[in-house]
Amino acid sequence: MFTRFLKILKQPTYSLYFSFLLLLNLLSNGAAAYVYNHILALLAIILLSFVSAYIESWICMVVKPRWLSRACFVAITVLHELLLLVDAFLIFQFQTIINADVIDILAATNLDEACGFAATYLRPEVLISFAALMVALNVLLWKIARWLSRKKHQTFSVIGALGGMMVWIVLLGSYMVFQKGMDIPQCHAVTRVACSLNELSKNMKKTAQLCRVCSEMAPIATEDNLPNVVVVIGESHSVYHTSLYGYELPTSVNMERRAAMGELAVFDNVVSPADFTNRAMMSVFSLDSLTTDFGAEPLFPMCFKRAGYTTALYDNQYFAGNGFFFMSDKALSDTMYDVRNETKYPYDMDLVNAIVKMPSPSLYIIHLNGQHFDYSDRFPKSSERFSADNKAYAKYGSEEKRLTVAQYDNATLYNDHVIDEIIRKFGDGDCCIVYFSDHGEEAYDCRDFVGHGNSMLAKERNYQLRVPLLVWMSPTYRERRPELAARVMKAVHQPVSTDDLPHLFLDLAGIDGGYLNPRRSVANSLYDKTRHRIVLGCVDYDRRCNAK
């Protein structure tokens, strides 16, 4: 009876399908070894590949008729190869694999960003190379599988499948207990994607909770003569390509002029807690620290609204009802903002021109496209000043790289013009303007890479994490709040994380209501400058990064 039972267990392993799917599983699941590079993770990858191939072979074997069985085999093969292809691309371009952060970025990406991403990274030669690689891989795997299927490996394969089943049970039990997919070595591509999708579902629930928290906020008592506050959020702005911060080419002439006149506070030690937009924006908008309880704390625009401000969001990236990100949630948007644009503008200056100034006091949040790739699309050709033949770009080598850096610098120069025009537009009253970027950017600065999102594995993390922070206060604002203005100007060398900026916004507006934490506002006399800044979820920037 035991021999008969063992023969039944071995039955799927005699199939050519099993040998092929085992090899394919080892490859698609093996991408996890890039991140979880220790012996236990490697063992889990191997065992989970055995049980996965075993189950998939059973499915192909029991499904009838024969054409449907082959269709199942093709579908399973395509699924694994798609996951393998995406992981290979992410490793090649961003030194990461499919995970919850990647799924979050995809969920928050709009059509324009997707097109820009494709134009930058999915060039025809890249697609052709990957297609040729996959054809060659399939041919090679099929030949190896034919050879492997003739070997007497069935007993070993069943033992491997049983071992993999035990590993799967342990990991599933751990996930059900701790409910943290990112804390488990996710050594199977399919379950890794499933865990990531579950994280996205949790974030959507947090957004729904956040909407309730914001709508239930009580009014906040404030003093008279509240100022207008303008929060300008840049995109992919590198301080290393900004002449205001010492870059050799004149990419921020307007801000340099204003700084020389003494009207601009230029903070020089500021980092973002994340190297991609959606996680950075969660930190920037929430009063919570590092979004540890994102759904439970209100967002700073709601504090302004409850304090009697008219709130407006002018966004050139996110739009209400278009995506799963909290900035795209229509219910939350309707709760927080009195005014929100519904139009995408070709250039940021068009967005600025569309802003309608409202009676004071008002909060304006302006989210720019900034220097997001594709860089050449971020500025009109009439604003182009830098070209690939500039001597400063000789160190980048190829003409393609020199052109890319030149386009990035042109986008930075245009961004400087946009910020200057915002100051001109709002500078005639009682107003405070804060500009910062969501994260930084690499443009072949320290390695053969352009973009952001992989600073965890970068040799120099500063390029993607350091960001500019500028504060401009109108003469009327300074006259009415001389002590606060003086503290802002004196604090420019203090260490700052953009995670704390919501408290700076409340402080500059004179809003408290129990929501302002003075230890987190760099403009406050109680600011805690000794608190270490945590970036990328777990890295102590002040100890482990070279803040040059």
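These legends describe close-up views of a predicted model. Local features need pLDDT of at least 70, side-chain atom pairs count only at pLDDT 80 or more, and totals for chains, interfaces and linings use all residues. Residues are numbered from 1 along each chain as its sequence is written, and side-chain values use heavy atoms, without hydrogens and water.

View 1. Strands are DSSP runs of E, at least two residues, and helices are runs of H or I, at least four, numbered from the N terminus. Two strands pair if DSSP finds at least two bridges between them.

**View 2. Strand 1 beside strand 6.** Strand 1 (residues 228-234) and strand 6 (residues 362-367) run parallel, joined by 5 bridges. V232 has I366 of strand 6 as its bridge partner.

**View 3. H503 in helix 19.** H503 is buried, at 2% relative accessibility (buried means under 20% relative accessible area, with a 1.4 Å probe and protein chains only). A polar atom of the H503 side chain lies 3.0 Å from the backbone nitrogen of N517. Leaving out residues up to four places away in sequence, H503 touches L287, Y515, L516, N517, R520 and S521 (contact means heavy atoms within 4.5 Å).

**View 4. Helix 3 against helix 4.** Helix 3 (residues 39-62) and helix 4 (residues 66-94) pack at about 150°, with axes 8 Å apart. Axes are lines fitted to C-alpha atoms over the stretch in contact, and angles run from 0 to 180 degrees between N-to-C directions. Helix 3 is therefore roughly antiparallel to helix 4 (over 145 degrees). S52, E56, C60 and M61 of helix 3 meet S69, C72, F73, I76 and H80 of helix 4.

Conventions
Buried < 20%, exposed > 50% of the residue type's maximum accessible area, 1.4 Å probe, protein only. Polar contact = N/O pair within 3.5 Å; in protein donor to acceptor, adjacent residues only side chain to side chain. Parallel < 35°, antiparallel > 145°, perpendicular 65-115°, else oblique.
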